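Subject: Handover of a structure for your study

Dear colleague,

Please find below the structure that I am handing over to you.

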Amino acid sequence: MYTFHYAPFRISTHSDFPGYNELFFDRLQTLQTKRLDAVYVSDYYTAMFCDNLPGEDLSLFLMFAETLQFAVNFREMQCNLNETMGHCLSRCTNGDFIINRLYVTQYSKYMVSRAAMEQLAIATPKGRLLTVWEILLKPFQQSAWTMMLVLLATCQLVQLLAPTLFVNNILSLALFGFEKRELHLTKFAEKLTASALIILFFQLKCAYEAKLVSYITDTPRVPDALSIEDLRTRNITVHYGKLNLDHVEQLSGMIAPYHGDRLVFDGVTLLDNREILMMEKLFSDNIDSYAMPYSILSDNVYEILPFYMFGLKSLLLKRFHTYQQRLFESGMQLHWRQQHLNCFLLHIVRMHHISGANTGVKAAIRYDHLKPLVLFFLAQWIIATMIFVVELIVGRYSAYKRSRAAVEEMKQKQSR
């Protein structure tokens with residue numbers, strides 16, 4: 001009698017010694033790999049990066065399938081414009097599980113929660129660059145400018161109302177160093193006042209010059225929005241992607257759907273996962289002409305626990321939940337994110353080499369930036385020249401009139 005090989009019980013008669021394939025039956029010959037269908041929508045967590053480096057969710061399910069020894073058929077879904085992720089994936093009814101993380105408001109027994117919460121934040125464009133005139137006024141606050149104007153007006157009034165109080169013009173001496181008489185030959189009050197003004201204006205000029213030099217290396221901008229209230233005050237609309245924001249009351253009246261297949265920093269304020277926004281900001285900050293400069297609000301709009309969806313009567317729910325917890329505790333999530341960061345940094349370095357080979361040094365300050373300032377000082381120089389010419393003409397004419405009057409007076413005296 002001989003045992004069966006995955007077949008009904010049978011009795012065999014052997015007239016000779018059984019072969020090795022009968023005695024040592026290879027059970028792996030009949031092993032069949034189970035194939036499951038996985039549905040997903042292409043996003044940051046399911047896309048492929050840098051030489052077939054899968055996204056975080058895709059890496060999770062690939063490792064899960066490799067551990068449990070089953071194959072996966074991936075099928076990508078195409079969502080309609082302004083369609084939420086949940087509504088888009090609900091149209092698929094023949095998949096064994098869904099790779100994308102879902103944000104749901106009602107729990108289902110066919111869902112498995114992620115091991116960590118997700119933070120949804122807002123990214124808004126940075127304030128515009130200040131103009132040349134705004135940069136010239138920015139080093140000092142309004143109170144400092146007011147103090148200096150009051151001081152200048154006071155000194156000028158004192159000079160006009162009491163011209164004999166000071167020998168020198170205090171303002172000209174403190175600002176430009178012009179003096180009619182050497183300061184050590186003047187009165188004690190004039191020495192004290194002039195010394196105080198010279199020290200004050202010297203410190204102000206040094207601080208002003210240092211501020212302007214720092215603005216050359218880092219051009220200042222209009223202050224960024226720091227909170228949701230700032231966005232509401234500035235009447236800024238927050239655009240969201242495939243998210244359900246019906247329960248987010250703090251953004252009521254200021255949200256709109258984002259019309260685009262992929263999140264891009266193109267000038268609108270965006271609401272999305274903080275990790276995605278930080279990666280996009282990494283590219284916009286380090287690659288010229290990639291996108292507009294953005295800033296991410298420090299406070300989260302809200303935190304939510306995403307879920308993975310499995311098919312009906314799936315036997316993988318508990319196994320996947322346990323497996324995901326073990327991967328999270330072992331640090332695989334941080335490992336995948338570090339791999340993606342290294343991939344992005346390598347791409348940025350390559351882009352810098354390409355842009356450095358094709359283009360020259362980028363001018364931080366161009367002529368069109370300085371043109372208004374040059375025209376302003378040119379106009380001042382022309383006005384000063386015209387005033388100087390008028391003063392010369394008036395002075396010559398006054399001297400001519402005084403000489404004529406003196407000549408007439410001498411003639412009258414001689415005639416007498």
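Phe-376 is partly exposed, its relative accessible area being 37%. Please note that this is a predicted model.

Aromatic rings

Across the whole structure, a search finds 23 aromatic pairs. In one of these, Tyr-44 and Phe-49 form a tilted pair, with 5.7 Å from centre to centre and 55 degrees between the planes. Tyr-44 and Phe-49 are both buried.

Phe-376, mentioned above, pairs with Trp-133. The two ring centres are 5.2 Å apart and the planes stand at 85 degrees, so this pair of Trp-133 and Phe-376 is edge-to-face; planes over 60 degrees apart count as such. Trp-133 belongs to helix α4 (residues 132-137) and Phe-376 to helix α12 (residues 367-415), so the pair ties together parts that are 243 residues apart in sequence. Trp-133 counts as partly exposed, at 37% relative accessibility.

There is also an aromatic cluster, formed by Phe-61, Phe-64, Phe-70, Phe-97, Tyr-308, Phe-310, Phe-320 and Tyr-323.

Charged residues

Arg-101 has its charged end over the ring of Tyr-45, at 3.6 Å from the ring centre. Asp-272 is found in strand β10 (residues 269-273). Leaving aside residues up to four places away in sequence, Asp-272 touches Gln-119, Leu-120, Ala-121, Leu-263 and Leu-277.

Cysteines

How many disulfides does the count come to? The count comes to one disulfide. Cys-50 and Cys-343 form a disulfide, with 1.7 Å between their sulfur atoms. The link of Cys-50 and Cys-343 is right-handed, with 80 degrees about the S-S bond. Cys-50 lies in the loop between β2 (48-49) and β3 (53-54), while Cys-343 lies in helix α11 (residues 332-358), so the pair ties together parts that are 293 residues apart in sequence.

Is Cys-343 buried or exposed? Cys-343 counts as buried because its relative accessibility is 7%, and the cut-off for buried is under 20%. Cys-50, at 36% relative accessibility, counts as partly exposed. Two further cysteines may be noted: Cys-155 is buried, with a relative accessible area of 15%, whereas Cys-206 counts as partly exposed at 37% relative accessibility.

Yours sincerely

Conventions. Residues are numbered from 1 along each chain as its sequence is written. This is a predicted model: local features need pLDDT of at least 70, side-chain atom pairs count only at pLDDT 80 or more; totals for chains, interfaces and linings use all residues. Side-chain values use heavy atoms; hydrogens and water are left out. Rings of Phe, Tyr and Trp (its six-membered ring) pair if their centres lie within 6.5 Å; planes under 30 degrees apart count as stacked, over 60 as edge-to-face and the rest as tilted. Buried means under 20% relative accessible area, exposed over 50%, partly exposed in between (1.4 Å probe, protein chains only). Helices (H or I, at least four residues) and strands (E, at least two) are DSSP runs, numbered from the N terminus. A charge sits over a ring if NZ of Lys or CZ of Arg is within 6 Å of the ring centre and within 35 degrees of the ring normal. Contact means heavy atoms within 4.5 Å. A disulfide is a pair of cysteine sulfur atoms within 2.5 Å.
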